[in-house]
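Thanks for coming. I will walk through one structure today, part by part. Please have the sequence and the model open.

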Amino acid sequence: MQSIARNQATVAKIQCLEDAPLNPLNGNAWPSSHNDILQGRRRLPVYGRYQEILDRYHQSPVVILSSETGSGKSTQVPQLLVYDEYESGLQIACTQPRRLAAKELASRVSDEMGVVLGEEVGYKVRNDQKFDRKKTRLTYMTEGVLLRALSSDKSLSAYACVVIDEAHERTTDLDLLLALLKKTVSRRKDFKLVIMSATMDAKLFQDYFNNCPLIHIEGRNFDVEIFYASNIGTSLIPAAAGMVVKIHKDQKPGNILVFLPGEDEIGQVCRLIREHTGDLDVFPLYSSLSASDQRLALSSTGPNRKCIVATNIAETSLTIDNVVYVIDSGLSRQLIYNPRLRLEMLELRPISQASAKQRTGRAGRTRDGVCYRLYSKEAYDRLAPSTEPTIRCASVHSVILRLVTNGYREIVDFDWIDAPHPESIARAAQDLRDWGFLNDDASFTLSGRIAARCPLDPIWWRAIQVGIKLGCTMNIVDIALLCSSQTSIFLNPSAYREIANFGSAFFKDSISDHLTLANAFDAYMLARELYQQENGFKFDLGDWCFDNGLNIGALEEVRKARLSFGNFLNDIDKGPHNIKIPRTRAPAGDATRVRKALAIAFCTQTAIHRTEDVYRTIHENTSALLSPHSSLVEGNYEWVIYDTFRTTGGKQYLQTVTTIDPKWLMELPFFQEDRFTKKVDGSLKQPNVKRSLDDAKAKLETAKN
Ligand code: ADP
Ligand code: MG
């Protein structure tokens, strides 16, 4: 390896190393698959343009690379840079928007480089990594992981280069990364940035990075023929399932990949397909599925044709073997934030043309493919060209904390590629001040400094602080981790309807979904302990979870997150500010203080009862149903707080809900009359809210006297 000086690699030198009898990275013999893999790689369009990529990379600190999906960006470019940067002893980071993609790519590329995953090639995602401090040269990581690295070292001095992959996804983390890395580039002469995507708006990125060079690689491996739906009007579920069944009956072998907006639709379509086919292996794939079920969908092989029914998770990065047919519903569930209403909603929306192209590209990765779009050509032409950057449709509380952490206070005038809406910034800045995280000059308070390092959303650090005051710190920590888990700890009950004594009712707290989650987690921890005691009574933990309707993978993730959160708390205790976080727990049977802590922290997410299961949010005056999974259904409680507001099938739902007592809120500034929504004539839009608060006050007075 010493044969290539830093930034002096050429294709000839690299090929010489790849053809050498021993692997230059570790000095071992190559695995037996080496030659086959190498020949395949050398046929990829990106490999064919290695020299041009190297030349541009040597000439410019920032390079943009665009090419069709499947041409070898994610797997080949980082490898190329490992050779080119090897002599520096520094690392290469390649970011991915999704954890699954980061892990899959690391695994594929370690095979291609003939090394053990976790040695020269590794990955880092939250709470999970395979990485060796001394050996690892190439790390696939999520954008969030790199952001955290930037917070502790703005110059990223451990890295020679960052490769930003899937730049078109424009996650909030990505936009923030681009802005911060732009500064790193100007700070360090030897640092390089490569930005890659199949479908991005290259001009926008070029303008942002001072007209840096753009390499566009034409041509893909295989053709994909596109068909549009002619009989529009059939509803989505039967249309998607029907198309799968038809392909399976009439078309040549080849796997099928279906894109649907979410878990509910996926469940229904899978069921319909299974009813109408026998010899087809059907797998759902979505982010809240357990990691082992996700792996199963990706890697299972058998004699039957395989059909994967997925959300956006399969839209980028993943290579699913032998997908020949793609069915695109044209829809996805997208986050929409309304700062005026303080509502972050998941809404069903049409995808963009860029997204549609990306989905199409999933076929023809390993051979010629076909894409069936379940919408008309006219509908396609009407789609927005690219997906709106998330930073413009999400709340920006944690973005602001990150910027302040990195030393920037000019949030509105910051050098964004696309600035967040000024109203979102104003809302977030106001909340962060209300929560005591920021001073008026946008500098950190002590709490703010901790909130910025906390691996949870800032509102959860706020809740934990209230929990500390009320003597239930650890109850709130558990609830925070459970609510922040990507995967639900409960198995989707509708998918397991056939199980007679499906036990999740067992954990149910009839007045709090938050406590229901905590009960289930506590029960799991207890069961886990029994399971580990050698002399304890024997049972299978996996079976126990399944019988109780619990997702063991998700529970394990929360357990690991709790361990690492424990380290975060220990770091605060050991930190320079002389703070000790009391690890208190509410006495068993006293859940009131936990509900009170939640009420105070989530006071901007309160709702009051209207009729049956309909509630109306207090400050935005928007009505919503209780989620059908909530334990409060049919409870008719007066006041509640909620964790998520979501729209599905045109209806609005409150998810993860807890009943509260208005007397806990009446002193808060947010509940004074001047903050309530009013009609044009100045009267209150929801007089019942004021009445209820007045009643609570009166009751309290009477109790005092
Ligand atoms: P891009 O990032 O340009 O979309 P990738 O680098 O992900 O392309 O993939 C390039 C090619 O490598 C794919 O078309 C496929 O042939 C092959 N490939 C990638 N991942 C795998 C995998 N896990 N198994 C088999 N082949 C793979
Ligand atoms: Mg890719």
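I start with one residue, F227: with 35% relative accessibility, F227 is classed as partly exposed. On the scale used here, buried means under 20% relative accessible area, exposed means over 50%, and partly exposed is in between, with a 1.4 Å probe and protein chains only.

Before going on, some ground rules. This is a predicted model, in which local features need pLDDT of at least 70 and side-chain atom pairs count only at pLDDT 80 or more, while totals for chains, interfaces and linings use all residues. Residues are numbered from 1 along each chain as its sequence is written, chains are lettered from A and ligands numbered from 1 in the order in which they are written, and side-chain values use heavy atoms, with hydrogens and water left out.

Now the aromatic residues. The structure holds 13 aromatic pairs. Rings of Phe, Tyr and Trp (its six-membered ring) pair if their centres lie within 6.5 Å; planes under 30 degrees apart count as stacked, over 60 as edge-to-face, and the rest as tilted. One of the pairs is F227 with Y372, a stacked one, at 5.6 Å centre to centre and with 20 degrees between the planes. What does this pair tie together? F227 belongs to strand β9 (residues 224–228) and Y372 to strand β16 (residues 369–373), so the pair links parts that are 145 residues apart in sequence. Helices (H or I, at least four residues) and strands (E, at least two) are DSSP runs, numbered from the N terminus. Y372 counts as buried, at 11% relative accessibility.

A second pair is F670 with F671, edge-to-face, at 5.8 Å centre to centre and 70 degrees between the planes. F670 is buried at 7% relative accessibility, and F671 is buried at 3%. There is also an aromatic cluster, formed by Y408, F414 and W416.

Two lysines sit over rings. A charge counts as over a ring if NZ of Lys or CZ of Arg is within 6 Å of the ring centre and within 35 degrees of the ring normal. K124 lies over the face of F131, 3.9 Å from the ring centre. K192 has its charged end over the ring of Y57, at 5.1 Å from the centre.

Next, the domains. The chain is assigned domain 1 (11–217), domain 2 (224–390) and domain 3 (602–704); such bounds come from an automatic or database domain assignment. The centres of domain 1 and domain 3, taken over C-alpha atoms, are 49 Å apart.

Now the sheets. Two strands pair if DSSP finds at least two bridges between them. One open sheet has eight strands in the order β4-β3-β5-β2-β6-β7-β1-β8, with mixed pairing. Which strands stand at its edges? They are β4 (128–130) and β8 (214–217); each has a single partner strand, so one side of each has no neighbour in the sheet. On average, neighbouring strands of this sheet are turned by 20 degrees against each other, direction ignored. Here axes are lines fitted to C-alpha atoms, for helices over the stretch in contact, and angles run from 0 to 180 degrees between N-to-C directions.

Strand β1 (residues 62–67) is joined to β8 by four bridges, and the two run parallel. S66 stands opposite H216 in β8. Helix α4 (residues 50–59) packs on this sheet and touches β1, β6 (159–164), β7 (192–197) and β8, at about 170 degrees to the direction of β8. Contact means heavy atoms within 4.5 Å. Helix α8 (residues 172–187) also packs on the sheet, touching β1, β2 (91–96), β6 and β7, and its direction makes about 145 degrees with that of β6.

The other sheet I will cover is open too, with six strands in the order β9-β16-β13-β10-β12-β11 and parallel pairing. Its edge strands are β9 and β11 (280–285), each pairing on one side only. Five bridges pair β9 with β16 in the parallel sense, and within β16 the bridge partner of E225 is V370. Helix α11 (residues 263–276) lies across β11 and β12 (305–310), at about 175 degrees to β11.

H34, in helix α2 (residues 34–42), is buried at 9% relative accessibility. Not counting residues up to four places away in sequence, H34 touches E18 and E112. S332 lies in strand β14 (residues 331–338) and is buried, with a relative accessible area of 3%. The C-alpha atoms of S332 and E347 are separated by 8.1 Å, with the residues 15 apart along the chain.
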